Amino acid sequence: MKIKNLILGFACGAALLSGCNDELSQVGPSIQPDADRSFVYADTFYIEASTVKLDSVYARTVSGLLGNIYDPLYGELTADYICQFYCPEDYKFAHEPLEGKVDSMAFFVMYNRGEDGYMGDSLTPMTAQVYRVTKPLERNYYTNMDPKEYCDMNTLLGEKTYTAYDMSISDSIRNITDTSDPNYYTPNVRIRISTDIAQEFYDETVNNPATFHNQEAFNRFFPGFYVTTSYGSGNILKVAQSSFFIYYRYKTQTEAGNDTIISTREQFNVTKEVIQMNRMENDNLDQLLAPSDEYTYLKTPSGVCTKLVIPAQEINERIEGRIINNLELSLQAMPQEDWKYALEAPSYVMLLPEDSVKSFFENNKIEDSYSAFLGTYSTSTRVYSFDNISNVLQLHLENNPNEDLRLLVVPVNRTYDTDQYGNPTNTTAIGNYLFPSAVKLKKDEASRQIVVLTSKYNQ
């Protein structure tokens, strides 16, 4: 059988080189006995392609988006989030505030430097607002959550008008690259919060220390913040970290025995141990969802994706039980739009059976070349290539031979190892892509053509 497999491998290669003529080809007649001759078939089919709406995507992450942008083709995107804060067990203030009173409180939205930290016009004025969450959050990591179900929208705790590029920061500070330098600048939006909230925290640590015994008790006392934008369009921040600080002063003594007043702060962060719920709302998607003979679309986050239907019933009837050896699939993209702040094409997409998308992301799976295939975008050819996807077709024919195979093309964020030269190697994690991106995919006849290579041995 090893000789048979080797000959069959050469046959598949020959069929690829000779083109897709749907003709039967006999392999190895001069060296194989009649009973061992194998045959390779190349059959041409056409897939269907359409654009479908993604009402929400799975987004279990401590990062997020904040803001609003509009694209003439891809419509409007609004993003904000609700977050809890991590509390160490049996937490208490490091010092006793002077006269038992705190001074102030601030919520920080922190993001990366430069264009990695935002999308759109960095000088567009935006206004952020913070509201208090009034009931414990559920572990719902889908992006269609309704903040009104969790928050008191009638009580504003704080707001701040900002631009992504903070003009108040001097170049001398901005140019510091040493992260250990006390003046190192991390871009942020600082929103002053009512001091009453901060005082409530301190009083609770004194009067009810059991509230801070564990995370569950703390969440009941303080379920979190909802941060959104109320004004401005044209910029979205890529939030890397959310924290709040409580500032206060305390009295201590110097070595000489003199009383002195020290200013300090307590800090609470959003971490992976707690819940962050991200909301993504896409509007003006009608032109993307309208039937088209030319294109399908991808838009993130949430937004739309491309649905492919492989004619499995027709394939099953034609191949008549042959072994499926190869089915290569690639998607040709169009050039990106040339207007200012045009969205970029996502770097990676996953090709998944439509009914397995939910479990794939919820269970933190990665590509397996069996039912989940990774496509990498080539900027030179503008192609997403999935190589050989015959396994998913074979599996489908074994279980559902009388139904067509429905696949979704979903943009993803890929985390990976690198080799000694910094090139990507093994995938370590896959998640829905949560930064604004978009691309048009061709769906003309040539783009929808697939060739299924099959084989069988002479019986």
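Modeller: Let us start with the lining of the largest cavity, bearing in mind that this is a predicted model: the residues around that space are Ile 47, Ala 49, Thr 296, Thr 306, Leu 308, Ser 330, Leu 331, Leu 441, Lys 442, Lys 443, Ser 447 and Arg 448. Two or more lining residues come from each of strand S16 (304–310), strand S17 (323–332), strand S23 (437–442) and helix H9 (445–448).

Colleague: How many cavities of 30 Å³ or more does the search of the whole structure find, and what is the lining of the largest cavity like by class?

Modeller: The search finds three cavities of 30 Å³ or more, and the largest holds about 70 Å³ of space. Its lining is made up of five nonpolar, four polar and three charged residues.

Colleague: Which residues of the largest nonpolar core touch the most other members?

Modeller: A core is read as a set of buried nonpolar residues joined through side-chain atoms within 4.5 Å. Here the largest such core has 79 residues, and Ile 310 and Phe 386 are the ones that touch the most other members; the element that gives the most to this core is strand S21 (residues 405–418), with six residues. Once neighbours within four places in sequence are left aside, the contacts of Ile 310 are Ile 47, Ile 315, Leu 327, Ile 389, Leu 393, Asp 404, Leu 405, Leu 407 and Ile 450. There is also a second, separate core of 41 residues, and among them are Val 109, Ala 128, Ile 197 and Phe 222.

Colleague: Which residues are buried in helix H6 (residues 312–319), and what follows H6?

Modeller: Ala 312, Ile 315 and Ile 319 are the buried residues of H6, and they are on the same side of that helix because their arc around the axis is only 60 degrees. After H6 comes Glu 320, which has a positive phi, near 50 degrees.

Colleague: Where else is phi positive in a residue other than glycine?

Modeller: Asp 90 has a phi near 55 degrees and is placed in the loop between strand S5 (75–83) and strand S6 (104–111); its relative accessible area of 49% makes Asp 90 partly exposed. Arg 382, with a phi of about 55 degrees, belongs to the loop between strand S19 (373–378) and strand S20 (383–388), and at 29% relative accessibility Arg 382 is likewise partly exposed.

Colleague: Is Thr 211, in a loop, buried or exposed?

Modeller: Because the cut-off for buried is under 20% relative accessible area, Thr 211 counts as buried at 12%, although Thr 211 lies in the loop between helix H3 (195–207) and helix H4 (215–221). Not counting residues up to four places away in sequence, Thr 211 touches Glu 204, Ala 217, Phe 218 and Phe 221.

Colleague: Which residues does the cis peptide bond join?

Modeller: The cis bond is between Thr 300 and Pro 301, with omega at about -5 degrees, and Pro 301 lies in the loop between strand S15 (295–300) and S16.

Methods
Residues are numbered from 1 along each chain as its sequence is written. This is a predicted model: local features need pLDDT of at least 70, side-chain atom pairs count only at pLDDT 80 or more; totals for chains, interfaces and linings use all residues. Side-chain values use heavy atoms; hydrogens and water are left out. On a 1 Å grid over the protein atoms alone, a cavity is a set of points where a 1.4 Å probe fits but cannot get out, and a pocket is an open set with protein on both sides within 12 Å along at least five of seven lines; lining residues have an atom within 4 Å of a point. Grid points are joined across faces, edges and corners, and a volume is the space filled by probe spheres set on the points. Helices (H or I, at least four residues) and strands (E, at least two) are DSSP runs, numbered from the N terminus. Ala, Val, Leu, Ile, Met, Phe, Trp, Tyr, Cys and Pro count as nonpolar, Asp, Glu, Lys and Arg as charged, and the others, Gly among them, as polar. Buried means under 20% relative accessible area, exposed over 50%, partly exposed in between (1.4 Å probe, protein chains only). Contact means heavy atoms within 4.5 Å. The arc is that of the directions from the helix axis to the C-beta atoms.
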